[in-house]
Amino acid sequence: MISSKLPNVGTTIFTRMSALAHETGALNLSQGFPDFAAPQALCDAVGRHIAAGHNQYSPMAGLPALREQVAAKIARSYGVSVNVDTEVTITPGATEAIFCAIQAVINAGDEVIVFDPAYDSYEPSVELAGGRCVHVQLSANDFAIDWQKLEDALSPRTRMIILNTPHNPSGALISRAELDQLAQLIADRDIYLISDEVYEHLVYDGVPHVSVLAHEALYQRAFVVSSFGKTYHVTGWKTGYVVAPPALTAELRKVHQYVNFCGVTPLQWALADFMAAHPEHVEELPAFYQAKRDLFCDLLVPSRFTFSRVPGTYFQLVDYSAIRPDLNDVDMSLWLTREHGVATIPISVFYQQPVAEQRLVRLCFAKREETLRQAAEKLCGI
């Protein structure tokens, strides 16, 4: 009989809800992927590079041309310089980057602090490294860090803290003052960071994204992870990157070379071309997604759901307390999908211990206007 290394892990809620949406014909606002096309110039570049014969292994760290574009984007966005050879690594998706970073520095018995609600890949990666996650709940109202809870959770075994900003599923942002507070809290401790910033360019209302890359004290102990899939509307390409100081990058690459070795070569060439030709894409992205957020939220105003517009990501939380307070959020998501044709994600699945009084589901607004209008009409009819 198999002795599972992950006995508590089953099929993810994202897979289950997308499957249910397909089965029932519901509009899929559950899993976080766009239902609109990627930039045509980016798609054309893939075919061009395949035809040019760029179909063999890329360098393990990623194509130099793409790493150079990542460094150039970081310089424009955050005003900092990173070394393309020793600090930037291209990975087959941000999840692989997170996995390799955890495997690189976490040993048996180490503790890793995660903030609930937390993305579901963090804990299995820690457990496979022999570590243990210590869950610290964010504020139930605004999903901010409770600094007393964080300080209480620190122990001599704490080896890593995982940040996520903009935060999935809440959309909350971490401020510069909070990064300063974190730096002060761990200044004398041997603690690494993962800063999961895959939604770095999806921030709204004129508020800038605050990256660990621009915080010198924290960056010296950090793996900063991002996603081409989220930024360029190509989630199925599963291409991301991680930026870390040279010593941490060297350890990450030791693991990365035995997990995937390298990313998909023509996709890397295409991204490098597109980023060089269209640096304005990331600058236009906040307004592009804010328009979708505002359209969707405006359409939901007449509904019985309540909400505050998210400051980041392409997910909107809505409170259904006025509709079916008798249902927990998993049952509510199933009910919405089967009875009203809109698939959502319950946020309790992001918690070790769900907040009993919360009645929240997550809706993805990375969709065509037609999809958002159809979904809002269904939700307003409840």
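Helix α1 (residues 13–24) and helix α13 (residues 329–340) have axes that come within 9 Å and cross at roughly 20°. Angles under 35 degrees count as roughly parallel, so that is how α1 and α13 run relative to each other. Keep in mind that this is a predicted model. Below is a quick tour of this helix pair, another helix pair and a sheet.

**α1 with α13**
- If you look at the handedness, the crossing of α1 and α13 is right-handed.
- On the α1 side, the contact uses M17, L20, A21 and T24, and they meet S333, L334, T337 and R338 of α13.
- Sorted by class, the α1 and α13 contact has 4 nonpolar, 3 polar and 1 charged residues.

**α3 with α11**
- Helix α3 (residues 64–78) and helix α11 (residues 265–277) have axes that come within 8 Å, with a crossing of roughly 40°.
- This time, for α3 and α11, the crossing is left-handed.
- From α3 come A65, L66, Q69, V70 and K73, while α11 brings Q268, W269, L271, A272, M275 and A276.
- The residues in the contact of α3 with α11 split into 8 nonpolar, 2 polar and 1 charged.

**The sheet**
- There's an open sheet of 3 strands, ordered β9-β12-β11, and its pairing is antiparallel.
- Strands β9 (315–319) and β11 (345–346) sit at the edges with a single partner strand each, so one side of each has no neighbour in the sheet.
- Strand β12 (residues 360–364) is joined to β11 by 2 bridges, and the two run antiparallel.
- For P346, the bridge partner in β12 is V361.

How values were computed. Residues numbered from 1 in each chain as written. Predicted model: local features only at pLDDT ≥ 70, side-chain atom pairs only at ≥ 80, totals over all residues. Heavy atoms only, no water. Axes fitted to C-alpha atoms, helices over the stretch in contact; angles between N-to-C directions. Helix = DSSP H or I, 4+ residues; strand = E, 2+ residues; numbered from the N terminus. Left-handed = near helix turned anticlockwise from the far one by under 90°. Contact = heavy atoms within 4.5 Å. Nonpolar A, V, L, I, M, F, W, Y, C, P; charged D, E, K, R; others polar. Parallel < 35°, antiparallel > 145°, perpendicular 65-115°, else oblique. Pairing = 2+ DSSP bridges.
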